[in-house]
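Take it section by section and check each spot as you go.

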Amino acid sequence: MQAWLDSLMALLALPQYGLSTLFIAAFVSATLLPVGSEPILFGLLKLNPELFWPAIAVATLGNTLGGMVDWWMGYGAHKVADKYANSKHHVRVLGWLERLGPKACLLSWLPIVGDPLCAVAGWLKLPFWPCTFYMAVGKFARYVTMTVALLYIWPS
């Protein structure tokens, strides 16, 4: 199993595939699909440490674009969400998001709730570009923090 995983990581980290694979994984992981891009980022950097900042930038870009897609999906899903409008939890969360505004998108990096948060921001019609900015800041901070931590824990 380890040999197979090593060969897969080596293939994905090839310079001609590594950054594009990372971009796709980061984009898909920002949607509501359960995919994680951090292992791909970590594997790429273990095999190509000189790509640290380009890989962080590509992962942040892909993940932010995926968050923007979530925003647009939320913007278009107004009718679907209306059927849950009477839920007590729903009203409380919406009030919190309306008070925070686009800054709530800083939390888009959180597992489980981060991606739906971007969709809800779109549903609430929070301003697109400020939301995108806060998404990018939160996702960039997550990628830098997690990558540095992983490289510190497994240095070689």
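## The chain overall

Among contacts in the chain between residues at least 6 apart in sequence, 76% join residues at least 24 apart; contact here means heavy atoms within 4.5 Å. Keep in mind that this is a predicted model, in which local features need pLDDT of at least 70, side-chain atom pairs count only at pLDDT 80 or more, and totals for chains, interfaces and linings use all residues. Residues are numbered from 1 along each chain as its sequence is written, and side-chain values use heavy atoms, with hydrogens and water left out.

The chain has eight helices and zero strands, so its pattern along the sequence reads α-α-α-α-α-α-α-α. Helices (H or I, at least four residues) and strands (E, at least two) are DSSP runs, numbered from the N terminus. Of the 156 residues, 41% are buried, where buried means under 20% relative accessible area, exposed over 50%, and partly exposed in between (1.4 Å probe, protein chains only).

## One salt bridge

How many salt bridges does the structure hold? There is one, counting a side-chain nitrogen of Lys or Arg within 4 Å of a carboxyl oxygen of Asp or Glu. The partners are Arg142 and Glu38, whose side chains meet at 3.2 Å, N to O.

Arg142 sits in helix H8 and Glu38 in helix H3 (residues 38-47), so the pair ties together parts that are 104 residues apart in sequence. Are these two buried or exposed? Arg142 counts as buried because its relative accessibility is 11%, and Glu38 counts as buried at 17%.

## The second largest pocket

The second largest pocket holds about 290 Å³ of space. Lining it are 19 residues, and the closest to its centre are Ser29, Leu110, Pro111, Ile112 and Asp115. Helix H7 (114-123) and helix H8 (128-153) are the elements that give two or more residues to this lining, with H8 supplying the largest share, three residues.

For the terms: on a 1 Å grid over the protein atoms alone, a pocket is an open set of points where a 1.4 Å probe fits, with protein on both sides within 12 Å along at least five of seven lines, and lining residues have an atom within 4 Å of a point. Grid points are joined across faces, edges and corners, and the volume is the space filled by probe spheres set on the points. By class, the lining has ten nonpolar, five polar and four charged residues. Ala, Val, Leu, Ile, Met, Phe, Trp, Tyr, Cys and Pro count as nonpolar, Asp, Glu, Lys and Arg as charged, and the others, Gly among them, as polar.

## Loops and a helix proline

Val35 is in the loop between helix H2 (15-30) and H3, and counts as partly exposed at 37% relative accessibility. Leaving aside neighbours within four places in sequence, Val35 touches Ala25, Val28 and Ser29.

Lys125, in the loop between H7 and H8, has a phi near 60°, a positive value in a residue other than glycine. Pro130 belongs to helix H8 and is partly exposed at 35% relative accessibility.
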